[in-house]
Amino acid sequence: MDAAADTDAGTASASATAQSSQPAAAAQPATQPAHRLLGAADIREIAQEAGITPTKKFGQNFVIDPGTVRRIVHEAGVSPDGTVMEVGPGLGSLTLGLLETGARVVAVEIDPPLAERLPRTVARFQPDNAPHLTVVTHDALTIDPADPAFRAATGLDASSRFQLVANLPYNVATPIVLTLLQRFQGLDSFLVMVQKEVADRLSATPGSKIYGAPSVKLAWYGTTRKAGIVGRNVFWPAPHVDSALVGFTRVSTPERRDEALRTRVFSLIDMAFGQRRKTLHAALRKAVPGEAFAAAGIDGQRRGETLTIDDFIALARACEAIDDGPAAPAPSANTNAPASAPQEAR
């Protein structure tokens, strides 16, 4: 939806340089209301002035309905003293709604012309909130919280507490969410607008036909909820698919912060759903010993689509226990036994 990330994250060349949240010299017209959100006419006017045309490459569909913006902000529960990351702010519709709450907003925009324009729009429509905005030109899929440039620009590191509120492009919504949750342990919650089909997959439960790897991986980090449908007529240009809101709250426990365990669990998930028509015994035969299924209390004849995240964790733990099991006892000395033949080094 609003520009957020290129489909080819590895080739992104956007830098993490901060854009000033203050315009060089933008006097607000006397007839311009001091504090309001963008409507359809505003969006088209800003786009025309900036020479910006929505592009399919970045999945750009701009929200033109203030009511929808306030609905998203309300559902997200944004607080005046909070910090919000917005991925793909586009022309600023949702940005203004977030700033209206008094929250600090870090906007991550991959499209340089849009990133350059955003502070000017905020200064025009909400000049009192302009100091609360930070814009970085960056691909959300390549953000590194350990990057000094990013930390200097945003003040955020891996443990910083914030929430994600965004209108995400359909084609990269799932990778963006999972990437940010992995890299930012302080990302406590999110509310994102995505394609309805994506929303259904992210919130699917075991046994459903649409339950898959994204559903289980997101469950590793926390709990997901559907937060409503959004009509096509609130966008410019109008998309050819329906949209929906997905809410999420992180579950932070020592187990869920175990990166080695997460890596193993996600590997099992990928293998199980990579061959979802096969039984677990068949799909995981190269990674899971037969005895691990019994140890985890899981029938190997089941399929991956029936397992919860806790089932995958139990299976990974069982594999760990087998890997770390007691070494075979050393042979007892027996002087009467014949000398054994030397073994080849392995």
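**Contacts, burial and helix packing in a predicted model**

Q: Leaving aside neighbours within four places in sequence, which residues is V288 in contact with?
A: In this predicted model, V288 lies in the loop between α10 (280–283) and α11 (290–296). Once its neighbours within four places in sequence are set aside, the residues in contact with V288 are L268, F293, L315 and C319.

Q: Is V288 buried or exposed?
A: The relative accessibility of V288 is 5%, and the cut-off for burial is under 20% relative accessible area. V288 therefore counts as buried.

Q: What distance separates the C-alpha atoms of V288 and E320?
A: Along the chain, V288 and E320 are 32 residues apart.

Q: Where is E100 found, and what is its relative accessible area?
A: E100 is found in the loop between α3 (93–99) and β4 (104–109). A residue is partly exposed when its value falls between the 20% limit for buried and the 50% limit for exposed, and E100 is therefore partly exposed, with a relative accessible area of 27%.

Q: How are α8 and α9 oriented to each other, roughly parallel or roughly antiparallel?
A: Helix α8 (residues 213–221) packs against helix α9 (residues 259–274) with their axes 9 Å apart and at an angle of about 160°. Angles over 145 degrees count as roughly antiparallel, so the orientation of α8 and α9 to each other is roughly antiparallel.

Q: Which residues of α9 are met by residues of α8, and how many nonpolar residues does the contact have?
A: From α8, the residues taking part are A213, V216, K217, W220 and Y221, and they meet L261, R262, V265, F266, I269, D270 and F273 in α9. Sorted by class, this contact of α8 with α9 has no polar residues, 3 charged residues and, as the number asked for, 9 nonpolar ones.

Q: Which peptide bond is cis, with omega near -10°?
A: Most peptide bonds are trans. The loop between β9 (235–236) and β10 (243–250) holds P237, and the cis bond with omega near -10° is the one from W236 to P237.

Q: Among contacts between residues at least 6 apart in sequence, what percentage joins residues at least 24 apart?
A: The chain has 12 helices and 10 strands, and buried residues make up 49% of its 346 residues. Among the contacts between residues at least 6 apart in sequence, the share that joins residues at least 24 apart is 75%.

Methods
Residues are numbered from 1 along each chain as its sequence is written. This is a predicted model: local features need pLDDT of at least 70, side-chain atom pairs count only at pLDDT 80 or more; totals for chains, interfaces and linings use all residues. Side-chain values use heavy atoms; hydrogens and water are left out. Helices (H or I, at least four residues) and strands (E, at least two) are DSSP runs, numbered from the N terminus. Buried means under 20% relative accessible area, exposed over 50%, partly exposed in between (1.4 Å probe, protein chains only). Contact means heavy atoms within 4.5 Å. Axes are lines fitted to C-alpha atoms, for helices over the stretch in contact, and angles run from 0 to 180 degrees between N-to-C directions. Angles under 35 degrees count as roughly parallel, over 145 as roughly antiparallel, 65 to 115 as roughly perpendicular and the rest as oblique. Ala, Val, Leu, Ile, Met, Phe, Trp, Tyr, Cys and Pro count as nonpolar, Asp, Glu, Lys and Arg as charged, and the others, Gly among them, as polar.
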